[in-house]
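Subject: Structure handover

Hi,

Here is the structure we discussed.

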Amino acid sequence: MADKKKSDPTASRYLPTMTQDYSRISDTARAVESIVLPKIISYIRGIAPRIAHMHSEKPFMMADYGADDGVNSSELFEKIITQIRAVNPSLKIKLLYVDIADRAGFDKFWETSRLAQMEGVDAEYIRRSFYEPFPEIAGKLDIGFSSTSLHWLDTKTVKAGFFQHPFCIQANQLAGKERRKFVEKWRGDWRVFFRECSVELVDGGALFLANLTDLGHDCWPASAGYNNIRNVCSELYQEGRISKEELNAIFVPDYFATPQEMKSLLNENDIKQALSLKSSEEMTVPCAYFTKWQDKLDDAQERSLLAATLAHVVRAWSSSSVGIGLAPGNKGQIEEIYSRLKDKFYETPVGLPYQYCLLELVKRGKSTE
Ligand SMILES: C[S@@+](CC[C@H](N)C(=O)[O-])C[C@H]1O[C@@H](n2cnc3c(N)ncnc32)[C@H](O)[C@@H]1O
């Protein structure tokens with residue numbers, strides 16, 4: 001059992017980074033690109049006259065909010081640049097990578113990136129929350145992009161202890177009043193995000209956001225993983241290996257809003273006056289691992305490999321938050337939690353499909369009225 005006296009486990013802040021797990025383009029990122037790229041190409045065709053007349057000294061600016069190391073958006077960005085350069089071959093391009101993670105991952109990626117080798121393409125990594133203002137790019141951003149990031153809530157605006165529950169570990173596991181608290185938090189955070197984006201964008205500038213979503217019927221990203229962790233933590237509590245306070249404090253500070261919640265928010269007057277919703281599309285990316293392994297589940301070694309892979313994926317998403325919930329003297333339980341998670345996936349192999357709601361918004365302004 002953890003030493004309760006040592007410290008209050010809710011006192012530390014959640015910092016949902018997962019840089020160590022990113023360094024190659026994921027199948028999920030490719031699936032997102034297949035839907036987002038045609039939309040961006042069609043948008044660029046629509047603004048081709050503006051691009052053609054842009055002065056080559058004023059760069060075309062694109063931002064990736066929650067970029068991690070930048071790898072997953074790199075092929076998409078290359079293709080967008082090719083489209084822009086087809087209209088204005090000498091136009092300079094500025095890429096902004098925004099994340100709260102340490103910049104080391106980005107530096108490593110950029111060192112050998114094909115984007116870095118493209119003429120007239122510059123990049124900047126800004127280590128800052130996407131919920132904060134970016135005055136340095138006010139009125140300068142042409143395209144904002146984000147994938148698989150905006151479900152993370154802003155942990156800085158609430159007191160330590162906001163993210164907690166006696167036995168659940170994530171807001172989508174909750175119902176009714178208990179869930180409402182997190183829905184309101186998400187709503188407030190996204191209002192801030194869209195307010196800041198509308199300051200950053202040029203008139204007619206666009207946002208392309210691939211957001212993880214809850215499609216109902218318990219279809220929300222990695223739900224099997226989160227539900228297993230909740231059950232593992234309850235077991236550890238019953239066995240006296242983690243305290244009641246730790247069980248309460250183990251909580252992942254994200255929320256997968258439903259597409260209806262997203263659209264209802266974007267229909268609020270303040271947002272609607274600044275940004276117009278052009279499209280909203282739902283899609284499910286099947287679990288890459290489960291599909292590959294599903295015919296080999298009778299083979300114990302293969303089954304074990306699948307279980308380890310699934311547990312590894314869920315660990316990348318959740319371990320920093322789970323670790324914060326554990327008391328300083330009891331951090332060793334992290335290994336036990338993910339080892340038991342692997343056992344649960346071995347007992348009941350199940351895929352982790354990712355549900356997305358893809359939003360395209362354009363900033364209203366003189367050139368778009
Ligand atoms: C699942 S990763 C997605 C990375 C990449 N966009 C992709 O598609 O693979 C989520 C990223 O969001 C970042 N993140 C979480 N909250 C953030 C915040 N408030 N501001 C900026 N980045 C944040 C994390 O550090 C992490 O790199």
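The largest nonpolar core has 80 residues. F60, I80, Y97 and L352 make the most contacts inside that core. Another core, of 40 residues, lies apart from it, with L96, L150, F182 and F193 among its members. A core here is a set of buried Ala, Val, Leu, Ile, Met, Phe, Trp, Tyr and Cys residues joined through side-chain atoms within 4.5 Å. Buried is under 20% relative accessible area, exposed over 50%, partly exposed in between (1.4 Å probe, protein chains only).

Ground rules. The model is predicted: local features need pLDDT of at least 70, side-chain atom pairs count only at pLDDT 80 or more, and totals for chains, interfaces and linings use all residues. Numbering runs from 1 along each chain as its sequence is written, and side-chain values use heavy atoms, without hydrogens or water.

Cavities: two of 30 Å³ or more. A cavity is a set of points on a 1 Å grid over the protein atoms alone where a 1.4 Å probe fits but cannot get out; lining residues have an atom within 4 Å of a point. Points join across faces, edges and corners, and volume is the space filled by probe spheres set on them. The second largest cavity holds about 40 Å³. V36, K39, F208, L209, L358, L359 and E360 line it. Five of these are nonpolar and two charged.

Disulfides (cysteine sulfur pairs within 2.5 Å): zero. C233 is buried, at 0% relative accessibility. Its sulfur is 11 Å from the closest cysteine sulfur, in C168, so too far for a bond.

Best wishes

Conventions
On a 1 Å grid over the protein atoms alone, a cavity is a set of points where a 1.4 Å probe fits but cannot get out, and a pocket is an open set with protein on both sides within 12 Å along at least five of seven lines; lining residues have an atom within 4 Å of a point. Ala, Val, Leu, Ile, Met, Phe, Trp, Tyr, Cys and Pro count as nonpolar, Asp, Glu, Lys and Arg as charged, and the others, Gly among them, as polar.
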